[in-house]
Amino acid sequence: MYSFKGPTPILLYTPKELMEKIVKRIEKERLRQNITQKELAKKTGIPSATYRNFVYKKQISLINFIKILKKLRMEDALKLLVDTPMEEEIAEAIEILKNKKKRKRARKK
């Protein structure tokens with residue numbers, strides 16, 4: 001039986017709630033580093049209005065989101081998405097050695 005005494009499992013959050021949590025975490029780190037919103041936008045090369053949209057409307061492109069994470073040195077937040085498990089790397093290497101093409105699209109059923 002699952003206990004709800006600990007942190008809420010991520011699957012129970014709505015996308016909007018997740019964005020609110022992400023924005024709060026980034027804003028907390030920005031303030032910890034004593035950087036204004038305008039300074040962070042300038043350092044990342046994104047317009048100040050874009051950063052404000054992120055904070056207040058919870059809207060941002062993925063590329064700008066990554067720029068913000070990198071500038072705040074929060075790249076570790078992306079590790080689960082970009083790090084490939086060792087088994088997968090080994091399987092890819094074996095496919096290359098066997099000269100097989102890697103599948104790049106799905107087929108209709």
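Me: Helices (H or I, at least four residues) and strands (E, at least two) are DSSP runs, numbered from the N terminus. How many helices and strands does the chain have?

Reply: This is a predicted model, so local features need pLDDT of at least 70, side-chain atom pairs count only at pLDDT 80 or more, and totals for chains, interfaces and linings use all residues. Residues are numbered from 1 along each chain as its sequence is written, and side-chain values use heavy atoms, with hydrogens and water left out. The elements run α-α-α-α-α-α from the N terminus. The count is six helices and zero strands.

Me: What share of the residues in the chain is buried?

Reply: Buried means under 20% relative accessible area, exposed over 50%, partly exposed in between (1.4 Å probe, protein chains only). The chain has 109 residues. Its buried share is 20%.

Me: What share of the accessible surface belongs to carbon and sulfur atoms?

Reply: Accessible areas come from the Shrake-Rupley method with a 1.4 Å probe; for residues, only the protein chains shown count as cover. The accessible surface of the chain totals about 9,700 Å². The part from carbon and sulfur is 58%.

Me: Which salt bridges link up into a network?

Reply: A salt bridge needs a side-chain nitrogen of Lys or Arg within 4 Å of a carboxyl oxygen of Asp or Glu. E29 pairs with R25 at 3.8 Å, N to O. E29 also pairs with R32, at 2.7 Å. The network therefore joins R25, E29 and R32.

Me: How far apart along helix α1 are R32 and E29, in helical turns?

Reply: R32 and E29 sit three residues apart in α1. That spacing means a separation of about one helical turn.

Me: Is E29 buried or exposed?

Reply: Take its two partners first. R25 is partly exposed at 42% relative accessibility, and R32 is exposed at 60%. E29 comes to 8%, so E29 counts as buried.

Me: How do α1 and α3 lie relative to each other?

Reply: Axes are lines fitted to C-alpha atoms, for helices over the stretch in contact, and angles run from 0 to 180 degrees between N-to-C directions. Helix α1 (residues 15-32) and helix α3 (residues 48-57) have axes that come within 9 Å and cross at roughly 125°. Angles under 35 degrees count as roughly parallel, over 145 as roughly antiparallel, 65 to 115 as roughly perpendicular and the rest as oblique. So α1 and α3 are oblique.

Me: Which residues of α3 make the contact with α1?

Reply: Contact means heavy atoms within 4.5 Å. On the α1 side stand M19, I22, V23, I26, E27 and R30. The α3 side supplies Y51, F54 and V55.

Me: What is the relative accessible area of Y51?

Reply: Y51 lies in helix α3. Not counting residues up to four places away in sequence, Y51 touches I26, E27, R30, Q37, L40, A41, I46 and I68. Between Y51 and Q37, 14 residues apart in sequence, the C-alpha distance is 7.1 Å. Y51 is buried, with a value of 0%.

Me: At what angle do α2 and α4 pack?

Reply: L40, K43 and T44 in α2 meet K67, I68 and K71 in α4. The axes of α2 (residues 37-44) and α4 (residues 62-71) are 9 Å apart. The angle is about 105°, which makes α2 roughly perpendicular to α4. In degrees, then, the value asked for is about 105°.

Me: Where is N34, with its positive phi?

Reply: Most residues other than glycine have a negative phi. N34 has phi near 55°. N34 is exposed, at 68% relative accessible area. Its place is the loop between α1 and α2.

Me: What is the phi of K58?

Reply: K58 is found in the loop between α3 and α4. At 24% relative accessibility, K58 counts as partly exposed. Its phi is positive, near 60°.
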